[in-house]
Amino acid sequence: MYLYLHVPFCARRCSYCDFAIAVRRETPDQEYLDAIRVDWEARRSVPAWEASPEIATIYFGGGTPSRLRGETLSEIIAMLRRDRAVAADAEITIEVNPDDVTRERAERWRTAGINRISLGVQSHDAGVLEWMHRTHTAEQVPAAIAALRQAGFANISMDLIFGLPVSLDRDLTRDLERTFALEPTHLSLYGLTIEPHTPLARWTNRGEATAIPDERYATEYLEVHQALVAHGFEHYEVSNAGLPGFRAQHNSAYWRAVDYVGLGPSAHSLLAGVRSWNVREWAEFSRLAQAGERLEAGSEALDPAARRLEELYLGLRTSDGLAEGNLPATARDAWISAGWATRSDGRVRLTAEGWLRLDALVTAIADS
Ligand code: SF4
């Protein structure tokens, strides 16, 4: 089984972020722990565990899980271990902001059993970080990496954002060079999107920010792809790349649509073809947990059409691709001649040019 824990707390909201977060100066660790215990109690013995009794991965995402105390993370992992076996080689990841990293904290994370770091870098440009309302500075990134390595972390992923407004004059090439110089094992590269109800959406509505033109977005994505390949990374999913042997096991489970359990506010689970999701807001989640009430906000069984759409989407977003028989031959041949896909070993795989058009390509064949 694959396990996700959503830790909703952040010091402040980044300008582009629409995640389910709770802005808190101090994290309410005990309250969070109590609520997670209630959620786990309801999910630790659902029937799907019979087919997959061992925990294969644990992922602390957020939010900013690195703001929790190390002892809280240890207690959560110990709670999981009490009820379920954790695989000896389980990947245990925590999302970390650079300003939260100290040698002491990093050592606590190692002691808790965490063996993989996902570091929220986004950019090495001071002006860009300020515009994003990030809490860290550019100088804190190499310092964080050094402290993590001293504490024994060898598997460090970094998040970067591309596709920023042209007016910011962000030097993507330099950001990529600085990133590779820090020798991460894995990179997640996300194109900026303007989500409703974010500070960025308000700036855009007021004419203070302008979305990057599509052509420039495509140029940046292809530059990122070429840089990844040049540095020996396998670009194995539309937004993710790793050195050989360092693909994200937890995220790969989502892309294979295998069962997973999500704990915490807004967390999703997929169990035996049924997707469910928890109450989104932390305050409500905590209140329900204290009252012993249901934390699940809704669920849906995927119908055949939804399953087909998901199968297409998940297959095409990774470098595993789709079995040829799953695609109409006319679409397949058209994609290959346009340079959007390749065909080998009975599978069709999108190229980076194809990934730029992923949504449109899936939509075009979904009803076939
Ligand atoms: S740290 Fe992450 S989750 Fe928190 S506000 Fe920023 S982008 Fe959103």
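I looked up the second largest pocket and found a volume of about 400 Å³. The model is predicted, and I read every entry here with that in mind.

I then went through the lining of this pocket, which is made of 21 residues. Nearest the centre of the pocket I noted Trp255, Arg256, Ala257, Leu314 and Gly315.

Which helices supply at least two residues each of this lining? I noted α9 (249-255) and α11 (304-317). The largest share comes from α11, with five residues.

I sorted the lining of the second largest pocket by residue type. I got eight nonpolar, six polar and seven charged residues.

Why does the second largest pocket lie between domain 1 and domain 2? I checked the lining against the domain bounds: domain 1 (2-255) and domain 2 (304-365) both give residues to it, so I place the pocket between them.

I found one cavity of 30 Å³ or more in the structure. The volume of the largest cavity came to about 40 Å³.

Which residues line the largest cavity? I listed Leu164, Pro165, Val166, Asp169 and Arg170, together with Arg216 and Glu220. By type, I counted four charged and three nonpolar residues in the lining of the largest cavity, and no polar ones.

Last, I set the two linings side by side.

Definitions and conventions. Residues are numbered from 1 along each chain as its sequence is written. This is a predicted model: local features need pLDDT of at least 70, side-chain atom pairs count only at pLDDT 80 or more; totals for chains, interfaces and linings use all residues. Side-chain values use heavy atoms; hydrogens and water are left out. On a 1 Å grid over the protein atoms alone, a cavity is a set of points where a 1.4 Å probe fits but cannot get out, and a pocket is an open set with protein on both sides within 12 Å along at least five of seven lines; lining residues have an atom within 4 Å of a point. Grid points are joined across faces, edges and corners, and a volume is the space filled by probe spheres set on the points. Ala, Val, Leu, Ile, Met, Phe, Trp, Tyr, Cys and Pro count as nonpolar, Asp, Glu, Lys and Arg as charged, and the others, Gly among them, as polar. Helices (H or I, at least four residues) and strands (E, at least two) are DSSP runs, numbered from the N terminus. Domain bounds come from an automatic or database domain assignment.
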